Amino acid sequence: MFCYGTLLLWIHVVAAVTTPAPPEKIHIEKWLLTWTPATEERDVTYTVQYSSFDTGVWKDVPACVNTSFTFCNVTFSKTENEHGCVMLSVRTERRGLTSRPVQACSRHGDSCTPEVSLTARPGSLTVYLSQDHSLFQDYGGHIQHRVYYGMEGESLQEKYVDGVASVSIKSLKEGQRYCTKVQYMYFTKLIGPESCTQCEVIPRSRDKSVQTEVIVVVMVAVIMFLIAVMAYFLICHRGRIKQLLRPPCEIPDFLLEPYPENHIFSSPSSPSEERYDVLSFITTKEIRGDPRTTTSF
């Protein structure tokens with residue numbers, strides 16, 4: 001029993017000195033901040049902080065300090081900045097220990113957060129952004145987008161691209177899943193909550209076999225077209241084709257002259273023909289008393 005009690009005591013001591021886990025899924029939508037507890041512990045509280053881009057200092061939201069709720073109304077931020085664009089974060093507290101703060105993100109975009117859509121192509125990812133927002137109308141080209149990106153599981157703070165409008169990220173590994181988040185930036189200062197992380201798989205290029213099949217299909221189509229054209233000309237224009245293929249020739253003049261009336265054609269005799277005698281005359285001799293006749297040559 002003594003060992004069991006000692007073990008329980010040590011468990012309570014370790015739990016008391018362990019830093020609590022930070023909250024998860026911290027989203028801001030229409031001035032309502034919500035989050036999800038990381039654990040099922042009931043003795044934890046939460047504190048919400050905000051920071052304006054012109055100061056960079058984090059301050060507590062008066063209505064959400066050491067609160068047990070998992071939401072906070074941040075309408076007050078409208079008066080803290082000209083456009084109400086403040087960055088928000090939430091941390092967990094337990095017995096004097098605090099977790100690291102986690103910044104809120106916006107899933108649908110608003111006047112302080114860019115609206116983002118992605119299109120993945122082989123080797124690249126295009127992040128579509130719009131200039132049609134209130135910050136651009138007030139600050140013009142001084143307002144840009146900072147696009148953070150990286151492979152899924154990597155930190156999205158190391159790699160980024162700045163752009164006034166849509167940007168295209170190239171030289172990405174095909175077949176890998178890449179994630180992005182975007183935040184407004186005025187000169188070098190970040191403004192408002194960032195967009196929630198979005199991810200897309202970079203598709204692979206078409207295999208060579210597929211390309212070969214496409215080439216074969218095209219070649220077959222071309223051959224069939226040529227056969228159809230040839231058949232058309234052979235059927236519908238065969239007379240003209242014969243005329244074009246007829247070789248040029250002229251009949252000699254002497255072949256066209258008429259032959260004399262007494263001209264006799266002779267054909268050479270062939271050695272293989274039989275010899276025969278010419279029949280010169282025929283006489284008939286009647287024998288008396290004998291009805292038969294004889295013929296002499």
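Predicted model: local features only at pLDDT ≥ 70, side-chain atom pairs only at ≥ 80, totals over all residues.
The disulfides are taken up first. A disulfide is a covalent bond between the sulfur atoms of two cysteines. The count comes to 4 disulfides. Counted along the chain, the bonded cysteines pair in the pattern 1-2, 3-5, 4-7, 6-8.

Cys64 is joined to Cys72. The S to S distance of this link is 1.8 Å. The angle about the S-S bond is 95 degrees, and the link of Cys64 and Cys72 is right-handed. Both cysteines, Cys64 and Cys72, are buried.

A disulfide is also formed by Cys85 and Cys112. Their sulfur atoms lie 2.1 Å apart. Here the angle about the S-S bond is -80 degrees, and the link is left-handed. Cys85 sits in the loop between helix 2 (77-80) and strand 6 (86-94), while Cys112 sits in the loop between strand 9 (105-106) and strand 10 (117-121), so the bond ties together parts that are 27 residues apart in sequence. Cys85 and Cys112 are both buried.

Cys179 and Cys199 are likewise linked by a disulfide, with an S to S distance of 1.9 Å. The link of Cys179 and Cys199 is right-handed, with 100 degrees about the S-S bond. Cys179 belongs to strand 15 (residues 177-186) and Cys199 to strand 18 (residues 198-201), so this pair ties together parts that are 20 residues apart in sequence. Cys179 counts as buried because its relative accessibility is 5%, and buried means under 20%.

Glu29 was examined next. This residue lies in strand 1, which covers residues 24-29. Glu29 has a relative accessibility of 38% and therefore counts as partly exposed. Beyond its neighbours within four places in sequence, Glu29 is in contact with Arg107 and His108. Glu29 and Arg107 are 78 residues apart along the chain. Their C-alpha atoms are separated by 7.7 Å.

Val214, Val218, Val222, Phe225 and Leu226 make a nonpolar surface patch. The area of this patch is about 450 Å². One of its members, Phe225, is found in helix 4, which covers residues 208-236. The relative accessible area of Phe225 is 55%, so Phe225 is exposed; the cut-off for this class is over 50%.

Terms used: Residues numbered from 1 in each chain as written. Heavy atoms only, no water. Helix = DSSP H or I, 4+ residues; strand = E, 2+ residues; numbered from the N terminus. Buried < 20%, exposed > 50% of the residue type's maximum accessible area, 1.4 Å probe, protein only. Contact = heavy atoms within 4.5 Å. Patch = residues over 30% accessible without salt bridge, like charges linked within 9 Å, V, L, I, M, F, W, Y side chains within 5 Å. Areas by Shrake-Rupley, 256 points an atom, 1.4 Å probe, with all protein chains shown as cover. Salt bridge = Lys/Arg side-chain N within 4 Å of Asp/Glu carboxyl O. Disulfide = S-S within 2.5 Å.
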